[in-house]
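Here's a quick briefing to read with the model open beside you. Have a look at the structure first, then work through the points below.

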Amino acid sequence: MIEDSGFVEVRIGPPVDTFDGAKGEPNARRFEVFGYAFIARKP
Amino acid sequence: MSDTTSVDPVALREEVKKKYREVAIKPNGTYHFHTGRALAARLGYDSKVVGDMPDDAVESFAGVADPFSLRDLNVGDRVIDLGSGGGFDCFFAAGKVGSTGRVVGVDMTEEMLEKSRSTARAMGLSNVEFREGILEKLPVDDNWADVVISNGVINLCADKRQVFAEIRRVLKPGGYLQFADIANGKPVPPSAVANVDLWTA
């Protein structure tokens, strides 16, 4: 979607276990939800 | 991150406001996500920079990763933070861009705007301002920003294509979008996607 929106050089960082130990952890585990850093450039 | 949803965008916006109003007023409450200094440490933010910030600047932080981890900001950069909340990432960015740079936080929740503006004044920051607005219609001129950041907010918008179109509009050519957000490895059932309550629970 980011590339489709006209950005280039899209990169994604490693997953972060954002919800570990939080109330939302069960849902996060169920759907394999992690936090990520993204970067892209407008040409 | 799905680009189109069957959720009611207005109802979703109101539910998000309600949730983050709580986070502004009761930062030490129990939420489905972590908040504050412990979260900043978990996500790998520079502990010295965070340690020097007052509690008001950090306690309502509810990000999901570090948007500065793949690329740092430069002195003099103009930065926009989408969904700036209590202002944590803006204050972090303000230190990096220095007095010749500028940071604009955009948020739609009145209580978060009051908190971030008050904290900026208390910190004596003259290179940060907070504007009321939504990500689908940013209150920023075309080609203004060197960098757009965001942390855990784009996933809460129903029309992500419009959000990315707005980001492209406000960025200068050659500018960077560097944001943090959640993504799921397993598909979420359509019935759950259409349920507004589950977006913020």
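Predicted model: local features only at pLDDT ≥ 70, side-chain atom pairs only at ≥ 80, totals over all residues.

**Where the chains meet**

A:G35 sits opposite B:I182, a residue of β5(B).

- Nine bridges tie β2(A) to strand β5 (residues 171–184) of chain B, and the two strands run antiparallel.
- Counting contacts, 26 residues of chain A meet 36 residues of chain B.
- Strand β2 (residues 33–41) of chain A supplies nine residues to chain A's side of that contact, the largest share.
- By type, chain A's side splits into 15 nonpolar, six polar and five charged residues.

**Chain A by itself**

- Chain A has one helix and two strands, and along the sequence they come in the order β-α-β.
- Its C-alpha atoms fill a box of roughly 40 × 15 × 10 Å along the principal axes.
- Of the 43 residues in chain A, 33% count as buried.

- Start with β2(B), which is mostly covered: six of its six residues are buried.
- B:R102, B:V104 and B:V106 point one way from this strand, while B:V103, B:G105 and B:D107 point the other way, and all of them are buried.
- In a regular strand, side chains alternate between the two faces of the sheet.
- Strand β1 (residues 78–82) of chain B runs parallel to β2(B), joined by five bridges; within this pairing, B:D81 has B:G105 as its bridge partner.
- To get from β1(B) to β2(B) the chain passes through α5(B), and this β-α-β crossover is right-handed.
- β3(B) is also parallel to β2(B), again with five bridges between them, and here B:V106 is partnered with B:R131.

**Helix α6 of chain B**

- Helix α6 (residues 110–123) of chain B has 14 residues and reaches 20 Å from its first C-alpha to its last, close to the 20 Å expected at 1.5 Å a residue.
- Its buried residues are B:M112, B:L113, B:K115, B:S116, B:T119 and B:A120.
- Looking down the axis of α6(B), those buried residues fall within an arc of 165°, so they line one face of the helix.
- An α-helix has 3.6 residues a turn, so residues three or four places apart point the same way.
- On the other side of α6(B), you'll find B:E110, B:R121 and B:A122 exposed.
- What covers the buried residues of α6(B)? The cover includes α1 (9–25), α4 (55–58), α5 (88–97), β2 (102–107) and β3 (128–132) of chain B.
- Just past the end of α6(B), B:G124 takes a positive phi of about 70°.

**Helix α1 of chain B**

- The 17 residues of α1(B) should span 24 Å at 1.5 Å a residue, and that agrees with its end C-alpha atoms, which are 24 Å apart.
- B:Y20, B:V23 and B:A24 are the buried residues of α1(B).
- These residues cover an arc of only 95° around the axis, which puts them on the same side of α1(B).
- What do they pack against? The buried residues of α1(B) pack against α6 of chain B.
- The face of α1(B) turned away from its buried side carries B:V10 and B:K18, both exposed.

Definitions and conventions:
Residues numbered from 1 in each chain as written. Chains lettered and ligands numbered in written order. Contact = placed C-beta atoms within 7 Å. Helix = DSSP H or I, 4+ residues; strand = E, 2+ residues; numbered from the N terminus. Nonpolar A, V, L, I, M, F, W, Y, C, P; charged D, E, K, R; others polar. Pairing = 2+ DSSP bridges. Expected span 1.5 Å × (residues − 1). Buried ≥ 20, exposed ≤ 12 C-beta atoms within 10 Å, placed from the backbone. Arc of directions from axis to C-beta. Right-handed = clockwise from strand over helix to strand, strands pointing away.
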